[in-house]
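Subject: Handing over the structure

Hi,

Here is the structure I promised to pass on.

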Amino acid sequence: MGVVIPLEDNKNKQASVKPLVDLTASDMERVNQLILSKAGSDVQMIPEVANHLISSGGKRLRPMLTLAAASMFGHEGDAHVKLATSVEFMHTATLLHDDVVDESDLRRGKSTARTIWGNQASVLVGDFLLGQAFRMMVDVGSLDALDVLSTAASVIAEGEVLQLSVAKNMETTEDDYLQVIRAKTAALFAAAAEVGPIVASASRADRNALKSYGMNLGLAFQLVDDVLDYGGSSSDLGKNIGDDFREGKITLPVILSYRRGTPEDRAFWREAIEGGASDAANLDKALGLIRRYGGLADTIARAQHYGTIARDALAPLPSSSWKSALIEVIDFCIDRVS
């Protein structure tokens, strides 16, 4: 006899980050005030460059993870606010540096800082923000939290260098690629979530659960971003569609399409990515090949896989509004491609 498994009613409901935003609203006001304070400097260009990116409309998901992960274990005080601000400064610094490395012109739909103030200013202001982030970590006085976030900073830098080493190399494997995004993107998600239970003096098991949640959420988030670059819109992505293609970035949709293609298809990818033949006509052909070989659908499937791991990481924790909001964030990140 067959068994019918009913689908969950809420699967038809569009996932939202709003529950997390609402729960962290009062603490995020404190974070935003601290951001403005710590981004200030007597050197006029520093707040100009920093505020250009800080005020450009990002959802600030990473600091919200820190706030939620601390509050769900009963933390009170301001340590989580300082760490959340540190996390946002680390993220902002990496974006300033990324745009220089990638020679990007758009970030969240606005001109990048480097196109307005130049590469040197973008790099140096990014360094200033990293310094401010570490000062706030020291203010908190938790060696464990400092260890987690400083380790993440090193791993992110390693990920950037690794991405450079595989750029425009069509022999990059899926494992290579996952190593890049685990370091470059997921490491900060993991650290942002892990420092919450640290300052709340939660158990090692709780700390590991949030770390696993953050790591796998970060992987899912980046995979969806990679899909949006070939299958979304500029408003979804906050940058030009096809930027990854034009910059010769090796992402999973490209890796899958290259490896599944004919010898002629692979020759096209080598010419386009390695040879720099990334004009509009070749972008259209690349989009066609990616769709033909299931590059977008299978990348989404990978994102859903990591989303399931993130969900399972939280499963042993007691039910709460915080837990529900963090779970809905997983679906929100993945539903961006629907």
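Predicted model: local features only at pLDDT ≥ 70, side-chain atom pairs only at ≥ 80, totals over all residues.

Residues are numbered from 1 along each chain as its sequence is written, and side-chain values use heavy atoms, with hydrogens and water left out.

**The whole chain**

The chain has 17 helices and two strands. Both are DSSP runs numbered from the N terminus: helices are H or I with at least four residues, strands are E with at least two. Along its principal axes, the C-alpha trace spans about 70 × 60 × 30 Å. For 338 residues, a compact globule would have a radius of gyration near 20 Å, and the chain agrees with its 20 Å. That radius is taken over C-alpha atoms, and the globule rule is 2.2 Å times the number of residues to the power 0.38.

Of the 338 residues, 53% are buried. Buried means under 20% relative accessible area, exposed means over 50%, and partly exposed is in between (1.4 Å probe, protein chains only). As for contacts (heavy atoms within 4.5 Å), take those between residues at least 6 apart in sequence: 76% of them join residues at least 24 apart.

**The core and its rings**

In soluble globular proteins, nonpolar side chains tend to be buried together. Here the largest nonpolar core has 104 residues, and L20, L61, L210, Y213, W269 and L326 touch the most other members. Such a core is a set of buried Ala, Val, Leu, Ile, Met, Phe, Trp, Tyr and Cys residues joined through side-chain atoms within 4.5 Å.

What does W269 touch, not counting residues up to four places away in sequence? Its partners are M170, F245, V254, S257, Y258, E274, A286, L289 and I290. W269 also belongs to a cluster with F245 and F268, linked by ring pairs.

How many aromatic pairs does the structure hold? There are three. Rings of Phe, Tyr and Trp (its six-membered ring) pair if their centres lie within 6.5 Å; planes under 30 degrees apart count as stacked, over 60 as edge-to-face and the rest as tilted. F189 and F221 make a tilted pair, with 5.3 Å between centres and 45° between planes. This pair links distant parts of the chain, since F189 is in helix 9 (residues 174–199) and F221 is in helix 10 (residues 204–231), 32 residues apart. F189 counts as buried because its relative accessibility is 0%, and F221 is buried too, at 14%.

The charged end of R336 sits over its ring, 4.2 Å from the centre, and R62 lies over the face of F221 at 5.5 Å from the ring centre. For this, NZ of Lys or CZ of Arg has to be within 6 Å of the ring centre and within 35 degrees of the ring normal.

**Buried charges and a helix contact**

Is R60 buried or exposed? R60 is buried, because its relative accessible area is 16%. R60 is found in the loop between helix 3 (45–54) and helix 4 (61–71). Beyond four places in sequence, R60 touches M28, N32, I35, I54, S55 and E88.

I255, in helix 13 (residues 252–260), is buried at 3%. The C-alpha atoms of I255 and M170 are 7.3 Å apart, although 85 residues separate them along the chain.

**Two loop residues to look up**

K168 has a positive phi of about 60° although it is not a glycine. K168 is in the loop between helix 8 (143–166) and helix 9, and is partly exposed at 42% relative accessibility. S201 also has a positive phi, about 55°, without being a glycine. S201 is in the loop between helix 9 and helix 10, and counts as exposed because its relative accessibility is 66%.

Cheers
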